[in-house]
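Q: I have a structure to go through with you. Could you take my questions one at a time?

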Protein chains: 2
Amino acid sequence: MTFDLILVGFGHVAQRFVTLLEEQRARISGAYGFDGRVIAVCTQRHGRVFSEPGLDASALLERRRRGASVGAECLDLSTVDFIRDIARRVPSAPESRLVVVETTTLDIARGQPAIDHVRAALECGAHVVTANKGPAAFAYHALAAAAAVAGRQFLFEGAVMDGIPIFNLARETLPAVEIVAFRGIVNTTTNYMLTAMEEGQPFDAALADMKAAGIAEADASLDVDGWDAAAKTAALASVLLGARITPHEVVREGISASTAARTVAARAAGRRLKLVASAARGERGVGARVGLQELAADDLLAGLEGQQNGIIFQTDLLGELAIVQRGSGLTQTAYALLSDLISIARQGRAHKSAPTTA
Amino acid sequence: MTFDLILVGFGHVAQRFVTLLEEQRARISGAYGFDGRVIAVCTQRHGRVFSEPGLDASALLERRRRGASVGAECLDLSTVDFIRDIARRVPSAPESRLVVVETTTLDIARGQPAIDHVRAALECGAHVVTANKGPAAFAYHALAAAAAVAGRQFLFEGAVMDGIPIFNLARETLPAVEIVAFRGIVNTTTNYMLTAMEEGQPFDAALADMKAAGIAEADASLDVDGWDAAAKTAALASVLLGARITPHEVVREGISASTAARTVAARAAGRRLKLVASAARGERGVGARVGLQELAADDLLAGLEGQQNGIIFQTDLLGELAIVQRGSGLTQTAYALLSDLISIARQGRAHKSAPTTA
């Protein structure tokens, strides 16, 4: 079985996804029985290209490396219409499956245009995998419903903690368990900066480090003002706790130059200042917040240094469990997309391998 | 769909499994479309009972609470023959599924007779779920092969860290990821004792605490000599790293009264003495060990106090990730069996709900 992939967005994450797919081709084909070919790439400022039999992905990567556009097809169409147009032109053979790989950047105002991309893709009969937090953070319930109606999948493992299983963990490995609350550290830039400021580095220098490492968002406010963490919190609360909130309903606090003194004071008192994302079911629905908290040194979250992320889940049957990411990077984010693609393939195989008698 | 359950072993874990199944009946039926009824109970010293239409589970629990035997049927048969006999007598209707719930205690010499129970059950066409570490620790590859031949499942989530997903995590949420090594704290009794000894409690008193709490094994050597941790290490290494070892090939160290001074010295030096289970792929196969290690204070494992357990997995694509259990108890172990039962039901449903066209 071959997935026909439409890449909407072709930045670092999408490019790494393409090379990762190539590197893992043999393993994936052997273990999960599928292959993937890129049939279209759609960017905001670097052109568009579509080829029904498949594109030469390495040539596209090479073009982007040289700063050239990927192509100049259908530039008159909106992205949504481009997706629709491709869906019409691709024959819907049972062996072929259309998947939109959405990696546009987060828009914290409304989660657009990513939400429109996801909805259009589902309506056209495509599955969607995305590393963009926006769709799950702003419109999880509507998009999940659209996916159910279409009989397609809408997956976004990469929205929180890269490829570390969070949504898959809850969906696949905690059956009959109710998650009632969570608290975690989910933004790498601010966590690194808090550690650096504890050690005496100024705010600006710490932020510059994260920009140089390619980890901070281009718009620094998304990180330091807590928006990225709020988007992740909204996505987690929506999916895991059934909340109906957007990032704007998450009570939010960020970090600033004046936070430095607080980090040093906390450390001197044997504690750690951390930007904690949390949500809990309460009598009046789900409350969610991102805020600075002074944690006891033996708190699991206090020990997450620099680029480590982690979430502690409080559950009804299993007590508390935590999952921790101890390294992050482009490969991990690209892997999240790949793992979503494998989830789609597995679902398809489970159906296909059905015995005629139970 | 109704699972017909044969309980082999009817101690605390099996009894809690029965009440948990009862408590969660509505949720499980709604979400996973199955019910479970106990049709047989087989104990070593408290009798046996079988009823094809199903037993009154609460009456059985009450009998055990009073110290009475569960029944006196087929006492002339071996457990293996009892399982075979039941399998013959239960009509193999498509709506009914036979599952052996194995909860006998760990035998560290050879993993018997649990391995024979598992093998017999699979050969009779029953699925097996077990909280006993023995079968996976001593015979994982052989039993997995037997399950594949029989077209049945052999699941043992409860063998390590109770119901916290470890085997499910690797199988369901880390597709195409290779685990190359792990290190963790997997024995609660020794971890609690090390923390207690750091704080000045003598070895014997700390062990007595764990016995009083019902956490230490009846045979204290299984805990303090590292056998329980070695069995878990062998199971993890066999399943996750493809090792072909038994607990006896795990390089093993335990704790004793003389360990107390080392815990205090480590703590004084700002470090923590922990009993660490680890395994790694090397050029000459998989090496596995359980041993005391002085860990830096900022090591994630150093922060696991008292009854917390945790494992750090080293992977090829995702770097390191860790999963931590922050509370343990009978419910968590019983939940492991329930989650295995749900895994079997899901597998069945995936087959059943197959569309006729892809």
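Q: Which residues are linked in a network of salt bridges?
A: The network links A:Arg27, B:Glu178, B:Arg281 and B:Asp316, where a salt bridge is a side-chain nitrogen of Lys or Arg within 4 Å of a carboxyl oxygen of Asp or Glu. Please keep in mind that this is a predicted model, in which local features need pLDDT of at least 70 and side-chain atom pairs count only at pLDDT 80 or more, while totals for chains, interfaces and linings use all residues. Residues are numbered from 1 along each chain as its sequence is written, chains are lettered from A and ligands numbered from 1 in the order in which they are written, and side-chain values use heavy atoms, with hydrogens and water left out.

Q: How far apart are the closest N and O atoms of B:Asp316 and A:Arg27?
A: They are 2.7 Å apart in the salt bridge between B:Asp316 and A:Arg27. B:Asp316 lies in the loop between strand 11 (309–315) and strand 12 of chain B, and A:Arg27 lies in helix 2 (residues 25–32) of chain A, so the pair joins two chains; helices (H or I, at least four residues) and strands (E, at least two) are DSSP runs, numbered from the N terminus.

Q: What about the contact itself, how many residues does it take from each chain?
A: It takes 45 residues from chain B and 46 residues from chain A, contact meaning heavy atoms within 4.5 Å. The area buried between the chains is about 4,100 Å², of which carbon and sulfur atoms give 60%; buried area is the accessible area (1.4 Å probe) that two parts lose on being put together, summed over both.

Q: Where do the strands of the two chains pair?
A: Strand 12 (residues 320–325) of chain A pairs with strand 12 of chain B in the antiparallel sense, over five bridges, and two strands pair if DSSP finds at least two bridges between them. Within this pairing, B:Val324 is the bridge partner of A:Ala322.

Q: New topic: why is helix 8 of chain A largely enclosed?
A: Helix 8 (residues 188–198) of chain A is largely enclosed by the rest of the structure because 10 of its 11 residues are buried, among them A:Met193, A:Leu194 and A:Met197. Just after helix 8 of chain A, A:Gly200 takes a positive phi of about 100°.

Q: And B:Gln153, where is that found?
A: B:Gln153 is in the loop between helix 6 (134–150) and strand 6 (154–155) of chain B, and this residue is buried, with a relative accessible area of 17%. Leaving aside residues up to four places away in sequence, B:Gln153 touches B:Leu122, B:His127, B:Val128, B:Ala147, B:Ser343, B:Ile344 and B:Gln347.

Q: Which way do the residues of strand 5 of chain B point?
A: In strand 5 (residues 127–130) of chain B, B:His127 and B:Val129 point one way and B:Val128 and B:Thr130 the other way, and all are buried. Strand 5 runs parallel to strand 6 of chain B, joined by two bridges, and B:Val129 has B:Leu155 as its bridge partner there.

Terms used
Buried means under 20% relative accessible area, exposed over 50%, partly exposed in between (1.4 Å probe, protein chains only).
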